[in-house]
Amino acid sequence: MLLLQGALSGVLFGGVYSLMAVGLTLIFGVMRVVNFAHGDMMVWGMYLAFLLATGAGVDPYLAFVVCAAALFVLGFAVQRALVDRILAAPHEMQILLMLGVALVLENLALVAFGPEPTRVRSPLSEATIWLGPVFVDVARLVAFGVASALTLALYLFLFRTDLGRTMRAAADNTYGALVIGTDVRRVYAVAFGVGAACVGAAGALVAPILPFQPPTGLSLSVTSFNIVIIGGMGSLLGAFVGGLLVSVAESLGAVFLKPSLKELFSFSLLILILLVRPAGLFGRRAS
Amino acid sequence: MRWLGALAVLVLLALPAVLGSYATTILILVFFYGFLGQAWNIVGGYAGQLSVGHAAFVGIGGYTAAMLSLEWGITPWIGMFVGGALAAVLGAVIGYLGFRFGLRGFYFVLLTVAFAEICRIAVSNVDAVGGALGLYITFTGDPRQFQFQDGRVYYYIALALMLAATGVVALLERRRFGIYLAAIREDESAAEALGVDTFKYKMLAMVVSSFLTGLGGTFYAFYLFSLQPNAMFGIPLSVEIILRPIVGGAGTLLGPILGSFMLTPLGELSRLYFGQGGHHGLHLVAYGVLLIAVVLFLPQGAYPYLRRFFVGSRP
Amino acid sequence: MAKTRLSRRAFLRSTAAGAAVLGFPLPLRAQPKTFKIGAIHPVTGPLAEPGQACRLGAQMAADAINAAGGIKSKGGLKLELLLGDTQTKPENGRVEAERAVGQGAQMLLGSFDSGSTNSMVSVAQQKRVPLLVDIAAADPITANVAKSVKEGQQKVQYVYRNFPTGSSFGRNAVQYFTEIFKEASVSPKRVVLMHANDLFGTNQMRGFKAAWEAAKPSWEIVEIIPWPEPPSDLSTEVSRAKALKPDVLAPITRPASAQLLLPEIRKQRVELMGIVGPGSPGLYEAGQFAVLKEDLEYVMTSVPWPSFKNPRTLAVAEEYAKRTERETGRRRTFDTNSGYSYDAMFLIADILERAATLGDPDAIVEAMRKTRFAGGLMQYGGPILFNEIGDNPNAIATMIQILGQKPVAVWPKAAALQKFVFPRPKA
């Protein structure tokens, strides 16, 4: 019974993890830039949802649209003002830049919102459904549903719209895209913006489930990196499935082991994937 | 240049006589992070294999020396090298897996992060090494226990560590080893095509780097008198280690030192000026802006610019 | 003095100090003489929340002491705090302590987090600057120094602590659990201990477990379930606890994990007589009520708590709430952290009043060792004094319970403002 409940909770919470990872994988897939400020951007999405909920009484399950829009602007701006200038720079400079952005975002949140952890309350997030002896947490069910929908929507965007096709073309072959007259800079900025918008939406949707405070960003980043590597960098389906896998692994880890060891599972899974299939489960190629 | 270097060392040797304890402490950290940065520089800078898991080596080194001292009374002067050796073993394992399986760029970054995190979680859960509570070292001021009543001794040890690591790197740089590493960083496939055993040289770089970093762990533990898994193995320390060499110029001999002389005091100054007001966190915002500015205005790190400034057009 | 902006004076002072330590002569001596104390806490980083509370508590106390005329036996000498931020990193405990000492601090106060506190200890012992630990529960901090003095490796102990240690926390909690069960005439048998696997949580768990093993009470700790702190999810942990059919759940949380744990217990409908923490932050702070609301009702925890029977405490608590609202926009509760830092400052004032001279650190230590101070706002088991290890054996915890969305002292009887509700009413 415990096993069943653990597996079920794990799958549903996987929706949360998938949501976290989708934006990261999109940005990486298009630009090959690993966004170390990912988790901190998500924390800003959470705080925006918090502001909308406490200030205007907007439920986070509606507010996520606003958060996505706000983060789109942030992502677009970060790309134009900063990332764009260092796309050709050595990897370590990209890392340094994003670490700097992360530090700024984290501590601006500290200045603006203070150090206490908080969570956004929504009537929906407090509900549960009982199926005999096991229970389903509605907030996680919603996160799971939205994660599936978001993955599908992004997929359609990338494969069925002109902008999406251009983006994929630019990702596959920057030079070729330039030759045929694509405004690669604009495509990149939009890609970063869309990735950040996913992060913002994820933040709002996760805010009723996960308590957050300014330093939360780091652990969100690390978990998201794990998921994206496991699923395959740049693969949307990979991010979705990777999220489920990591979550189920941690949940079952908490069933069988000392729960404080449960994160060992996700990191071990990561190392295993790196060695056996470095492109990730659904990735196309390594590096 | 050589005379300038000798003069700088002489000045550094003489400084504690005139400096206050706070300035001495800042310089200890400058040297210590300069040392760690130099150790990282071998694999991260020269060989271009970005490790963001170097805290694991600090942790292994520090915990080994501390456990040997607390449990068996073995002096940290010996424990330091045992710790360095164990760190080198871990470095070899990570390096073997990473290089044998051809993990490059961000894949290698994540591999190193994962190993460091696994170490952190494991140590947090093993009561025999203190678990999450950590280990606490008794302050005795006994030099045999790597402790000193006079803080200036730490200054000279940290300085010696930094200079020794720089000496090692200077030596490696001039030999074929250094040239091979540079070739690997610039274009690994080309280096391989020319017959360079890239695996061997990357492994060597990793082992030397992790050994030196492990030595630093003992200093860190016995300078701060406590060891906690989060502080010794955590990602924040790994990030601290890489910031300075990157800012100063990765893959250059003096980059890590220059970076440390820039970042450590600037971090302190921003805390001094912005840290007193009610807006807690503002000093770290300033620090973040500084890092961003470095990337935008010194995209190769500071050293190449400084060199051009001093040396002018001479080769 | 509101510290919302960097005032010109603070700027000049830090510039001057910075210049002074770097060796530039500046006319510093013009200021009136003050007694400088390095007050070092983690005001940024993961422990920023309690660290900021500590800093504000210490500042308010120093302001109050100065407003009342400073140290009277020393000609009305005023206290001046040199504020330090450890950023929740051990190395900065040392750096900030060295800076404070370099700027003329004659005493140190800090630092909440046991790691950075221990690195301050080395500065205190090296530089002979008395350190009063306002908060930090790891036993070795004082015990190690006492040991090296006893073995003759150090001459004088400069480190004293006015806060319960992990082991005394544990003894308090086991005693209160047993007494409350008895008083309520119920006999819960199965207690499941759940804890954050961080420094504080592990320390509390070990203290509680050791005290339970020593006391052999009628109830049993059936399992200990640790979680990684901060956790992203606790549903499986709670399912595990539920499967053990506990009568009482004993959590050691942090504010973030409490926000996950309590709703999860409700959602999974764990049948319990009560949730009783053996020493757990996150169950009583103002911010937690906004998030957890009714999930906190009837929750108990054993925690160092202000004595609200004391009218002075009520006044200070009100001032603290107002000041936090003015400076940060949120009313915060005067509780464990702000309270112990507040008391520490008054304790320092008492020590300075009694010290023969302030020029000699050993004279300050001498006065410290003779402390019998009853002016604290926290609930103590007697006057503040220091035993041979340098700890205050009268620093005790109080069992509080959330009743009507407010934390109320309920045990021991001497401290209780209301009768506890246990077992909790069925929902």
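Predicted model: local features only at pLDDT ≥ 70, side-chain atom pairs only at ≥ 80, totals over all residues.
**Chain A overall**

Let's start with chain A, which has 11 helices and 2 strands. Taken along the principal axes, the C-alpha atoms of chain A fill a box of roughly 60 × 50 × 35 Å. The radius of gyration of chain A is 19 Å, which agrees with the value near 19 Å that a compact globule of 287 residues would have.

The two strands of chain A belong together. Strand 1 (residues 128-131) and strand 2 (residues 134-137) of chain A pair in the antiparallel sense, over 4 bridges. If you look along this pairing, you will find Trp130(A) opposite Phe135(A) of strand 2. The hairpin has 2 residues between the strands, and Gly132(A) takes a positive phi near 60 degrees there.

| Helix pair | Axes come within | Crossing angle |
|---|---|---|
| Helix 2 (residues 38-56) and helix 8 (residues 184-206) of chain A | 7 Å | roughly 50 degrees |
| Helix 2 (residues 21-46) and helix 12 (residues 255-274) of chain B | 8 Å | roughly 140 degrees |

In chain A, the angle makes helix 2 oblique to helix 8, and their crossing is right-handed. On the helix 2 side, the residues that meet helix 8 of chain A include His38(A), Met41(A), Trp44(A) and Leu48(A). Among their partners in helix 8 of chain A are Ala196(A), Val199(A), Gly200(A) and Gly203(A). By class, this contact has 12 nonpolar and 4 polar residues, with no charged ones.

Helix 2 of chain B passes helix 12 of chain B in a right-handed crossing. The contact draws on Ile26(B), Tyr33(B), Gly37(B) and Asn41(B), among others, in helix 2 of chain B. Facing them in helix 12 of chain B are residues including Pro256(B), Phe261(B), Thr264(B) and Glu268(B). This contact divides into 8 nonpolar, 9 polar and 1 charged residues.

**The sheet of chain C**

Chain C holds an open sheet of 5 strands in the order 2-1-3-4-5, with parallel pairing. Strand 2 and strand 5 (159-161) of chain C are the edge strands, each pairing on one side only. From one strand to the next, the twist averages 25 degrees. At one end of the sheet order, strand 4 (residues 131-133) pairs with strand 5 of chain C in the parallel sense over 3 bridges, and Val133(C) stands opposite Arg161(C) in strand 5. Helix 2 of chain C packs on the sheet and touches strand 1 (34-41), strand 2 and strand 3 (107-110) of chain C. The direction of helix 2 makes about 170 degrees with that of strand 2 of chain C.

**Where chain C touches chain B**

How many residues of chain C are in contact with chain B? The contact involves 49 residues of chain C and 37 residues of chain B. Several elements of chain C each supply at least two residues to this side, among them helix 1 (8-21), helix 2 (48-67), strand 2 (78-85) and helix 7 (199-215). By class, the side of chain C that touches chain B has 17 nonpolar, 20 polar and 12 charged residues.

Key. Residues numbered from 1 in each chain as written. Chains lettered and ligands numbered in written order. Contact = placed C-beta atoms within 7 Å. Nonpolar A, V, L, I, M, F, W, Y, C, P; charged D, E, K, R; others polar. Axes fitted to C-alpha atoms, helices over the stretch in contact; angles between N-to-C directions. Left-handed = near helix turned anticlockwise from the far one by under 90°. Pairing = 2+ DSSP bridges. Rg over C-alpha atoms; globule rule 2.2 N^0.38 Å. Parallel < 35°, antiparallel > 145°, perpendicular 65-115°, else oblique.
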